[in-house]
Amino acid sequence: MRHVIHIIAVIICSLAVCSCTDEPPAAEPRLVVEGWIDSDGYPVVILTSTAIPSQDGGDLMDNMIRWGKVSISDGTETVILTGGPDSQYFPPYTYRTYRMQGRVGKTYTIEAEYAGMKCHASSTLLPPPAIDSITLHPIEDNPPFYAATLYMTSTGEGCYRLFTRVLNSETRHYPALMGTFRTGAAGERVSIPVFRGKHATDTVKFAPQFLPGEVVDVMVCHIDPAAYDFWTDYDNTVTFGGGMFSGTPDGLRSNITGGYGLWSARGVTRRTLRVPPAP
């Protein structure tokens, strides 16, 4: 669904908490889906399982599924995605196809199966959002960081999710910290802070603002209510729940029947931020 705290890392790593007991409860593995299709792109799916790591450490790479079957239907045509190594993501393996492109108004249904496990989900692709502007200003009491703010004029009630990617240093878009929001009545002026995404592998203190000289691709996604619920729970877990090691997959609402995670069709608008270089 990044990426950051990666969606799959959030879900699978939270299961690792269970392995701290002397006798972790037996649990049947289930599929975990992180997948999307954008209005300006093609479907991308990461498929893993919820098998609990062993007490002697285990490896999250063991949860990566390389030989699954993933298909997507738009109601008229069904295509099977091809799996392959992909260093842009973690786990580094994705399922893709260029035979189906995201179109506004269409409902996309994903079906995934592996080793007797099956799951499915549907999502409708909504119109890309209209952005008025994104501004940058230096934070006077916290140099050299810059703060970013997104401005929109609401076209009616809707659900949205922010993603960011710092070019030349990040290989993918990550879910921006506290980047899930709603708009209200048409004509309402909306202002939302834009923070960078938090990585699961961060080894330094996280700073949500941006640094001089960075070039940031901001992606604003118009999402359906099910995706909004998932991302709201994700934000609460990351921001208030003590990080990715708290909670369980059941704590993240999901639109996946028979598994966990998120399948999301997204209307996407992008903007590029160029943070002024240091003097």
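What is the volume of the second largest cavity? In this predicted model, where local features need pLDDT of at least 70, side-chain atom pairs count only at pLDDT 80 or more, and totals for chains, interfaces and linings use all residues, that volume is about 40 Å³. Residues are numbered from 1 along each chain as its sequence is written, and side-chain values use heavy atoms, with hydrogens and water left out. A cavity here is a set of points, on a 1 Å grid over the protein atoms alone, where a 1.4 Å probe fits but cannot get out, and its lining residues have an atom within 4 Å of a point.

Ten residues line this cavity, with Pro175, Ala176, Leu177, Tyr234 and Val238 lying nearest its centre. Strand E12 (174-183) and helix H2 (225-240) each supply at least two lining residues, and the largest share, four residues, comes from E12.

Elsewhere, strand E7 (residues 107-114) runs antiparallel to E8, joined to it by eight bridges, and glutamate 111 stands opposite histidine 120 in E8. Two residues lie between the strands of this hairpin, where alanine 115 takes a positive phi near 50°.

Technical notes. On a 1 Å grid over the protein atoms alone, a cavity is a set of points where a 1.4 Å probe fits but cannot get out, and a pocket is an open set with protein on both sides within 12 Å along at least five of seven lines; lining residues have an atom within 4 Å of a point. Grid points are joined across faces, edges and corners, and a volume is the space filled by probe spheres set on the points. Two strands pair if DSSP finds at least two bridges between them.
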